[in-house]
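Thanks for making time for this.

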Amino acid sequence: MKPHFHKVPVKLETSFSIRNDVVPNFGTLWHYHPELELHYIKKGEGVRFIGDNISNFSDGEMILLGENLPHTWRCKDKYFEQGSDLNVEAIVIHFLPHCLGHDLLNLPEAYKISKLYERAKRGLVIKGETKEKLSELMSAAIHAENLSRLTILLSILSTLAESDEYETITNSHAFYQSNKIDTDRINKICNYTLSNYKREISLEEISSLSNLSITSFCRYFKLMTKKTYFDFLTEIRVSHACRMLIEDNLTVETICMESGFNNASNFYRHFKKIIGSTPVKYRSKYLNKYMLQ
């Protein structure tokens with residue numbers, strides 16, 4: 001999808017941005033920016049879109065995004081309901097690659113930071129002890145001032161650069177540029193799909209929403225996302241099925257229908273193709289993992 005360019009606000013007296021957001025939801029805007037982003041979700045759940053990847057997110061997830069990697073965190077529908085008293089919370093750090101000076105990355109002691117920036121272009125989910133250490137550093141950085149802010153950021157970069165406790169998110173990275181028409185159209189398609197994935201969505205319906213003919217819509221969507229619309233819809237349905245398999249004590253057949261699949265054979269086929277295992281094996285893996293903790 002072709003995302004919107006986002007200008008990250010940074011105060012003139014600071015070299016990077018950090019904030020602790022407590023808000024009803026994370027919004028729906030698909031966007032990118034030249035800053036790297038370290039995003040720690042303290043509270044919230046839903047589906048995240050990062051590059052070409054669609055996955056669930058929940059409390060405690062920490063992600064490092066590289067330069068210009070498009071992304072959005074789309075909370076569950078309950079966070080958007082009128083009158084809801086639910087909130088999400090996240091600590092977010094934005095920083096340009098050279099925010100600590102152009103010479104830093106040329107120092108022999110800092111060569112791993114350049115390698116970190118390159119890995120981050122595909123997005124990284126931070127795990128284990130690294131995540132625990134970083135969560136403490138990020139919390140400390142919120143109220144730090146002057147040189148303390150810089151030393152904490154350097155500690156964060158050092159911790160990330162030295163760690164191998166991460167998983168790569170996307171299959172590739174890319175730089176994006178967009179115009180307002182594409183941005184509005186793709187966001188409209190994305191939000192409509194997330195609100196209606198449980199029922200059948202025809203090409204006639206979604207192309208009409210986009211003010212395009214079916215042929216033009218199919219060509220446009222494939223050009224923007226490198227996948228067909230039905231591939232995109234299926235990935236969203238499977239992502240929601242994964243969450244229900246872990247969180248809800250429902251039968252696989254019920255989850256199949258609740259995720260928008262019209263029959264079990266389609267569900268099993270698409271689930272195995274995307275996840276690499278059957279729904280039953282996927283649920284068993286997480287149940288066994290929970291019991292061993």
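When I say contact, I mean heavy atoms within 4.5 Å. With that cut-off, and leaving aside its neighbours within four places in sequence, leucine 116 is in contact with Leu64, Leu124, Leu157, Leu160 and Ala161.

Before going further, please keep in mind that this is a predicted model, in which local features need pLDDT of at least 70 and side-chain atom pairs count only at pLDDT 80 or more, while totals for chains, interfaces and linings use all residues. Residues are numbered from 1 along each chain as its sequence is written, and side-chain values use heavy atoms, with hydrogens and water left out.

Let me start with the interior. By nonpolar core I mean a set of buried Ala, Val, Leu, Ile, Met, Phe, Trp, Tyr and Cys residues joined through side-chain atoms within 4.5 Å, where buried means under 20% relative accessible area, exposed means over 50%, and partly exposed lies in between, with a 1.4 Å probe and protein chains only. The largest such core has 31 residues, and the members that touch the most others are Leu64, Ile93, Phe95, Leu116, Tyr117, Met138 and Ile156. At least two residues of this core come from each of strands E4 (36-43), E7 (62-65), E9 (88-95) and E10 (124-126), and likewise from each of helices H1 (111-120), H2 (128-143) and H3 (147-162); these are DSSP runs numbered from the N terminus, helices being H or I with at least four residues and strands being E with at least two. Helix H3 gives the most, with 6 residues. Apart from this core lies another, of 21 residues, among them Val47, Leu194, Tyr220 and Phe221.

What about polar residues that are buried? Histidine 94 has its place in strand E9, and it counts as buried because its relative accessible area is 4%. Its side chain makes a polar contact with the side chain of glutamate 37, at 2.9 Å; the term requires a pair of N or O atoms within 3.5 Å, and within protein one must be able to donate a hydrogen and the other to accept it, with residues adjacent in sequence counting only if both atoms are side-chain atoms. Serine 135, in helix H2, is buried as well, at 12%, and, neighbours within four places in sequence aside, it is in contact with Tyr40 and Met62.

Now the charged pairs. A salt bridge here is a side-chain nitrogen of Lys or Arg within 4 Å of a carboxyl oxygen of Asp or Glu, and a search of the whole structure finds 15 of them. Glutamate 45 forms one with lysine 76, the closest N and O atoms being 3.6 Å apart. Glutamate 45 lies in the loop between E4 and strand E5 (46-50) and lysine 76 in the loop between strand E8 (71-75) and E9, so this pair ties together parts that are 31 residues apart in sequence. Lysine 78 also forms a salt bridge with glutamate 45, at 3.0 Å between the closest N and O atoms. Glutamate 45 is buried at 14%, whereas lysine 78 is partly exposed at 34%. Arginine 199 pairs with glutamate 205 in a salt bridge at 2.5 Å. Finally, salt bridges that share partners join Glu45, Lys76, Lys78, Arg243 and Glu247 into one network.
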